[in-house]
Amino acid sequence: MIGRLRGTLVEKNFPEILIDCAGVGYEVTMPMTSIYVLPDIEQQAIIYIHFVVREDAQLLYGFANKVERKLFRLLIKVNGVGPKLALAILSTMSADQFVSCVRHDDISAIVKIPGVGKKTAERLLIEMRDRLKDWQAQSIQLVSTDGVIPEQLSAELSQESTFINDNKGDAINALLSLGYKQVQADKAIKSVYNRGMSSEALIRDALKSML
């Protein structure tokens with residue numbers, strides 16, 4: 001079982017990254033909230049892993065901290081919620097934002113997540129309510145044992161498309177991989193785009209604009 005990777009960040013191909021650990025490159029799929037806080041390429045990073053073994057694949061899902069990984073593991077226990085949808089949820093809002101939505105029965109925010117219809121949103125609110133009762137205490141305990149590289153704390157999945165080699169194209173492709181429609185992705189990126197913005201900033205601002 002792989003629980004954590006520490007190594008050199010080699011590539012960011014949203015929503016996947018490649019991390020080199022002692023000469024072995026691991027492809028890891030991550031929610032955008034975790035990718036935002038990663039250091040620059042060629043820098044050291046720590047990623048917490050949820051490892052899935054299937055008959056046809058071995059998959060690594062990565063998170064910037066144990067709190068996000070914990071919520072991911074709770075989400076995929078909900079009937080009808082798989083890893084792809086759980087990643088879309090954690091890419092659209094932070095763990096604390098999602099917990100707040102559950103506690104306040106904010107179904108309007110949850111249905112805006114791609115792939116989440118009204119029935120799924122209602123199921124999430126019902127099933128997650130009990131599981132998140134002690135969330136604050138759990139989060140404090142997990143954070144205290146994270147051991148995250150300091151730089152990681154300082155920063156705060158679909159249709160086919162033609163991949164473009166620029167930040168705007170990368171951001172659009174990332175939104176498509178999360179399940180947004182081409183028209184939605186184009187409109188959201190256009191509404192927040194300013195020359196010189198990084199891919200991460202474009203994706204973050206576009207996701208915020210759709211909530």
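Me: Accessible areas here come from the Shrake-Rupley method with a 1.4 Å probe; what share of the accessible surface of the protein belongs to carbon and sulfur atoms?
Reply: The model is a predicted one, and the accessible surface computed from it comes to about 11100 Å². Of that surface, the part that belongs to carbon and sulfur atoms is 48%.

Me: Which residues have the most contacts inside the largest nonpolar core?
Reply: In soluble globular proteins, nonpolar side chains tend to be buried together. Here the largest nonpolar core has 37 residues, and the elements that give two or more residues to this core include strand S1 (4-13), strand S2 (16-21) and helix H11 (199-209). Inside this core, the residues with the most contacts are Ile17, Val28, Leu175, Ile203 and Leu207.

Me: Is helix H2 mostly covered or mostly uncovered, and which residue has a side-chain oxygen that reaches the backbone nitrogen of Val67?
Reply: Helix H2 spans residues 66-75, and eight of its ten residues are buried, so that the helix is mostly covered by the criterion of under 20% relative accessible area. Among the buried residues are Val67, Leu71 and Phe72. At the start of H2, the backbone nitrogen of Val67 has within 3.1 Å a side-chain oxygen that belongs to Asn65.

Notes:
Residues are numbered from 1 along each chain as its sequence is written. This is a predicted model: local features need pLDDT of at least 70, side-chain atom pairs count only at pLDDT 80 or more; totals for chains, interfaces and linings use all residues. Side-chain values use heavy atoms; hydrogens and water are left out. Buried means under 20% relative accessible area, exposed over 50%, partly exposed in between (1.4 Å probe, protein chains only). Helices (H or I, at least four residues) and strands (E, at least two) are DSSP runs, numbered from the N terminus. A polar contact is a pair of N or O atoms within 3.5 Å; within protein, one must be able to donate a hydrogen and the other to accept it, and residues adjacent in sequence count only if both atoms are side-chain atoms. Accessible areas come from the Shrake-Rupley method with a 1.4 Å probe; for residues, only the protein chains shown count as cover. A nonpolar core is a set of buried Ala, Val, Leu, Ile, Met, Phe, Trp, Tyr and Cys residues joined through side-chain atoms within 4.5 Å.
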